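Please look over the model below before reading the notes. They go from the whole chain to its sheet and then to a single residue.

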Amino acid sequence: MKVILLENIKGVGKKDEVINASDGYARNFLFPKKLAVEANAENMSKLKGKNDSTAYKKSVEKEEAQKVAEKLKNITLKVTVKAGENGKIFGSITSKEIADNLREQHKIEIDKKKIDLKEPIKTLGSSKVSVKLYEGVVATLNIQII
């Protein structure tokens, strides 16, 4: 019997997947526990609509991420810090500070977790930081530390 899974079931399948299950397993376990519904025409059309909606939302989010990536490519973020005589700064520049400066200077909202900083920046000068905006969309941000 073909069924549409409503939840992830270990060893069986993932949510919104259409699988072949034995009649007894479907009627005695999956249906009573509301883990699956029968794959009839009505339920299949609902599933198709849901999948189309999800695909559209993902494409819109990816387009927005690409627009932000283009903006970030042309931006040089200036961060002012206190430094010692030999060019070493007091403290360090973290991804949180980079995100805050982006918000203040350029009105671009980026989560600090998306900024890929291997280790905090501890010297004056310029450096490049990659920002993972979306699945497959990575931007490079130039940072000038003065």
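1. Basis. This is a predicted model, in which local features need pLDDT of at least 70, side-chain atom pairs count only at pLDDT 80 or more, and totals for chains, interfaces and linings use all residues. Residues are numbered from 1 along each chain as its sequence is written, and side-chain values use heavy atoms, with hydrogens and water left out.

2. Elements. The protein chain has 3 helices and 9 strands, where helices (H or I, at least four residues) and strands (E, at least two) are DSSP runs numbered from the N terminus. Their order from the N terminus is β-β-α-β-α-β-β-α-β-β-β-β.

3. Overall shape. The radius of gyration of the protein chain is 24 Å, whereas a compact globule of 146 residues would be near 15 Å. The value is taken over C-alpha atoms, and the globule rule is 2.2 Å times the number of residues to the power 0.38. The C-alpha trace spans about 80 × 25 × 20 Å along its principal axes.

4. Of the 146 residues in the protein chain, 27% are buried (under 20% relative accessible area, 1.4 Å probe, protein chains only). Among contacts (heavy atoms within 4.5 Å) with a separation of 6 or more, 50% are between residues 24 or more positions apart.

5. Sheet. An open sheet with mixed pairing is formed by 4 strands in the order β4-β9-β8-β6. Its edge strands, β4 (76-79) and β6 (115-116), each pair on one side only. Two strands count as paired if DSSP finds at least two bridges between them.

6. Parallel pair. β4 pairs with β9 (residues 137-145) in the parallel sense over 4 bridges. K78 has Q144 in β9 as its bridge partner.

7. Antiparallel pairs. β8 and β9 run antiparallel and are joined by 9 bridges; here Y134 is the bridge partner of V137 in β9. The hairpin of these two strands has 2 residues between them, and G136 takes a positive phi near 90 degrees there. β6 and β8 (residues 125-134) are also antiparallel, with 2 bridges, and I115 is opposite V131 in β8.

8. A residue of helix α3. Is N101 buried or exposed? N101, which is found in helix α3 (residues 95-106), is buried, with a relative accessible area of 15%. Apart from neighbours within four places in sequence, N101 contacts L77, V79 and H106.

How values were computed. Buried < 20%, exposed > 50% of the residue type's maximum accessible area, 1.4 Å probe, protein only.
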